[in-house]
Amino acid sequence: MRGEKLVLIFAAGGLFGMGLAISGMTDPARVIGFLNVFGAWDPALLFVMAGAVGVYGTGMLILRRVKNQNPQLPSGRSSPIDRQLVIGATIFGVGWGLGGFCPGPALANLGALRVEALLFVPAMAIGMFLAQRFFGADR
Amino acid sequence: MDHYTLWHALVGGILIGLASLLATVLSGKIPGISGVFGRLLVAATPDKTWRTVYLFGLISGATLSFALWQSAALFRPLRPLAVMAIAGLLVGFGTRLGGGCTSGHGVCGVGMGTKDSIAATLIFMVTAIVTVFIYNRAVL
């Protein structure tokens with residue numbers, strides 16, 4: 001990728017970061033509040049997911065119609081629901097509930113030099129490296 | 001834009017969906033953040049440029065929003081730093097092992113109705129809810 005496409009991908013990243021910040025997903029208390037189903041539940045993340053999933057799902061349906069011969073779109077075919085997926089998603093869920101950060105929001109907080117993110121992101125990179133190096137994790 | 005409402009949640013979500021759509025068209029890949037970032041750590045990954053630019057855009061967009069809107073700048077860390085470090089390790093390991101995070105599986109995969117992503121999303125949602133439940137009772 002080069003030239004104007006790189007400018008566009010920067011803009012896409014910018015929109016993503018703005019979406020995270022505006023929706024409050026960069027605030028760990030908001031995320032943990034959503035996960036706290038048996039306490040003072042905060043429904044915000046449900047609205048974030050509804051907006052994001054709705055737009056992405058509809059957009060992909062339209063794009064596949066418009067350019068249905070285009071090999072540039074990912075297939076959207078399911079990989080097998082195997083042990084790696086189940087164990088990986090479980091470990092991710094535990095980490096998400098512990099910290100209130102998933103990868104996007106953690107990265108988004110780097111620019112503000114928030115110490116939680118400055119600690120979380122390198123730890124996350126180590127975890128990713130280990131999974132990729134020793135479990136060949138590249139679904 | 002100073003007072004946070006559920007409209008902020010919905011508008012932010014729509015932006016995330018649009019951004020993911022644009023990144024999908026540009027890259028030809030499912031642009032989940034854990035995959036975009038994780039593959040930067042693999043020497044053999046050929047297309048590191050757009051991944052790096054996308055993540056710089058993400059950080060820039062968030063940082064700009066923090067400066068523009070008080071509701072976006074709200075940041076309330078609830079956990080001690082040691083817990084954050086352990087959480088980071090688990091999130092990194094788990095997302096790469098499971099092939100995605102909240103964006104790749106949760107937004108893109110669920111949006112396309114992909115079975116493995118729906119399964120992964122249900123699993124990490126439930127385990128995260130259980131983790132918060134246990135943490136709130138055992139630690140707090």
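A residue is buried if 20 or more other C-beta atoms lie within 10 Å of its own, exposed if 12 or fewer, and partly exposed in between, with C-beta atoms placed from the backbone. This is a predicted model, in which local features need pLDDT of at least 70, side-chain atom pairs count only at pLDDT 80 or more, and totals for chains, interfaces and linings use all residues. Residues are numbered from 1 along each chain as its sequence is written, while chains are lettered from A and ligands numbered from 1 in the order in which they are written.

**View 1. Leu113 in a loop of chain A.** A:Leu113 sits in the loop between helix 5 (103-108) and helix 6 (115-134) of chain A. Helices (H or I, at least four residues) and strands (E, at least two) are DSSP runs, numbered from the N terminus. Buried or exposed: which is A:Leu113? A:Leu113 counts as exposed because it has 9 C-beta neighbours inside 10 Å. Its phi is near 55°, a positive value in a residue other than glycine.

**View 2. The fold of chain A.** Chain A has six helices and zero strands. Its pattern along the sequence is α-α-α-α-α-α. The C-alpha trace spans about 45 × 35 × 35 Å along its principal axes. Of the 139 residues in chain A, 51% are buried.

**View 3. The side of chain B that touches chain A.** In this interface, 98 residues of chain B are in contact with 97 residues of chain A. Two residues are in contact if their C-beta atoms, placed from the backbone, lie within 7 Å. Helix 1 of chain B gives the most to this side, with 20 residues. The residues on this side of chain B divide into 62 nonpolar, 29 polar and seven charged. Ala, Val, Leu, Ile, Met, Phe, Trp, Tyr, Cys and Pro count as nonpolar, Asp, Glu, Lys and Arg as charged, and the others, Gly among them, as polar.

**View 4. A helix pair across the two chains.** Helix 4 (residues 83-99) of chain A packs against helix 7 of chain B at an angle of about 40°, with the axes 7 Å apart. Axes are lines fitted to C-alpha atoms, for helices over the stretch in contact, and angles run from 0 to 180 degrees between N-to-C directions. The residues of this contact divide into 17 nonpolar, five polar and one charged.
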